[in-house]
Structures are given as structure tokens and as C-alpha cells.
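Reader: Could you walk me through this structure and show me how to read its main features?
Author: Gladly; let us look at it together.

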Amino acid sequence: GAAGADGERFAQYRYGRPGAAPELVFPASASDGKIAFASTRYSGGGEGQLMFERGGVRYIVYSRTIRTRFDGEGNDPVNEDGVAVMRGERMVSRLACIDADVKPVDYDLSDRLAGDAPDIVMLPE
């Protein structure tokens with residue numbers, strides 16, 4: 001979350017190298033656009049997405065938990081966090097977050113600070 005000059009909090013995406021100025025910031029202020037939030041449940045898991053579009057490119061920050069076992073012996077969930085970049089229906093890039101300090105999408109905070117997305121985006125594997 002970021003805070004505007006008036007103290008209003010809003011969802012903001014920042015991308016870049018640690019210790020350097022971000023290469024991409026969206027939105028720069030609460031009036032420059034809005035990030036949308038969507039979530040869905042899966043059998044044994046679920047997914048949350050924060051997304052925005054800029055210049056015909058859609059950026060999707062996601063966190064998901066996927067059930068991997070269906071034999072009745074447990075769930076063995078796989079957690080995945082990352083950023084997908086799409087142009088139309090084609091995935092241009094997908095970056096996995098592998099740093100131990102990465103935190104998943106916070107559903108409660110996203111619900112308060114981001115707008116509602118019409119639906120979750122099914123990301124190609």
C-alpha cells in the first residue's frame with residue numbers, strides 16, 4: 001500500500017532491483033489509476049490476483065495454493081507467488097518470486113485498497 005499527499009491509502013505496484021529506484025510504479029498517485037483485485041477458491045487451495053493494465057500490457061501479481069494430491073492421503077499443497085505479464089491473451093513473461101522474504105497477496109488489505117476485478121485471469125502454465 002502507498003499513501004497519497006492527502007493521506008489516502010491505495011494499492012501500488014513497484015518493480016525494480018533492490019536498493020535502486022523502481023523501474024515501474026503504478027499508479028503514481030491514487031488519481032492516476034487503480035489496481036484491481038480478484039480471488040477464487042480451488043479444491044484444496046485458492047488464488048489471489050492484483051492486476052492493472054498499462055500501454056496495452058496487463059500485469060498480474062498472484063499468489064496461489066494448488067492441491068497436488070487427490071489420493072486421500074493428504075493434500076501436499078504447492079504455494080506459488082509471482083508476476084505474469086500479458087499482451088492480450090499471450091503471456092509475455094512470468095517471474096516467480098523465490099525470495100524467502102516474499103509475502104503472498106494479502107486478501108484483506110487488497111480488498112480494502114484495490115478495486116474489484118471482473119474476474120480472475122486463468123494464467124497459462
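Reader: What share of the residues of the protein counts as buried?
Author: Buried means under 20% relative accessible area, exposed means over 50%, and partly exposed lies in between, with a 1.4 Å probe and protein chains only. Here, 32% of the 125 residues count as buried. Do keep in mind that this is a predicted model, in which local features need pLDDT of at least 70 and side-chain atom pairs count only at pLDDT 80 or more, while totals for chains, interfaces and linings use all residues. Residues are numbered from 1 along each chain as its sequence is written, and side-chain values use heavy atoms, with hydrogens and water left out.

Reader: In what order do the six strands of the open sheet lie?
Author: Two strands pair if DSSP finds at least two bridges between them. The order is β9-β8-β7-β6-β5-β10, with mixed pairing. At the edges are β9 (90-96) and β10 (115-116), each of which pairs on one side only.

Reader: Which pairings should I trace inside the sheet?
Author: Start with β5 (residues 36-42) and β6, antiparallel over seven bridges; Arg41 stands opposite Gly46 in β6. Their hairpin has two residues between the strands, and Gly44 there takes a positive phi near 80 degrees. Next, β6 and β7 are antiparallel over nine bridges, and Gly48 has Ser63 in β7 as its bridge partner. This hairpin also has two residues between its strands, with Gly55 in the turn at a positive phi of about 60 degrees. Finally, β7 (residues 57-66) pairs with β8 (residues 78-87), antiparallel over nine bridges, and Tyr59 faces Val85 in β8.

Reader: Why is β6 described as largely enclosed by the rest of the structure?
Author: The description applies because seven of the ten residues of β6 are buried.

Reader: Which residues of the largest nonpolar core touch the most other members?
Author: A nonpolar core is a set of buried Ala, Val, Leu, Ile, Met, Phe, Trp, Tyr and Cys residues joined through side-chain atoms within 4.5 Å. Of the 15 residues in the largest one, Tyr13, Ile35, Leu50, Phe52 and Tyr59 touch the most other members. At least two core residues come from each of β4 (24-26), β6 (45-54), β7 and β8. A second, separate core has eleven residues, including Ala36, Ala38, Ile60 and Leu123.

Reader: Which residues does Phe52 touch?
Author: Contact means heavy atoms within 4.5 Å. Leaving aside residues up to four places away in sequence, Phe52 touches Tyr13, Leu24, Phe26, Lys34, Ile35, Val57, Arg58 and Tyr59.

Reader: Is Asp101 buried or exposed?
Author: Asp101 has a relative accessible area of 62%, so this residue is exposed. Asp101 lies in the loop between β9 and α1 (107-113). Its C-alpha atom is separated by 32 Å from that of Gly72, 29 residues away along the chain.

Reader: Where is Gly7 found?
Author: Gly7 sits in the loop between β1 (2-3) and β2 (9-10). With 48% relative accessibility, Gly7 counts as partly exposed. From Gly7 to Ser43 there are 36 residues in sequence and 40 Å in space, C-alpha to C-alpha.

Key. Helix = DSSP H or I, 4+ residues; strand = E, 2+ residues; numbered from the N terminus.
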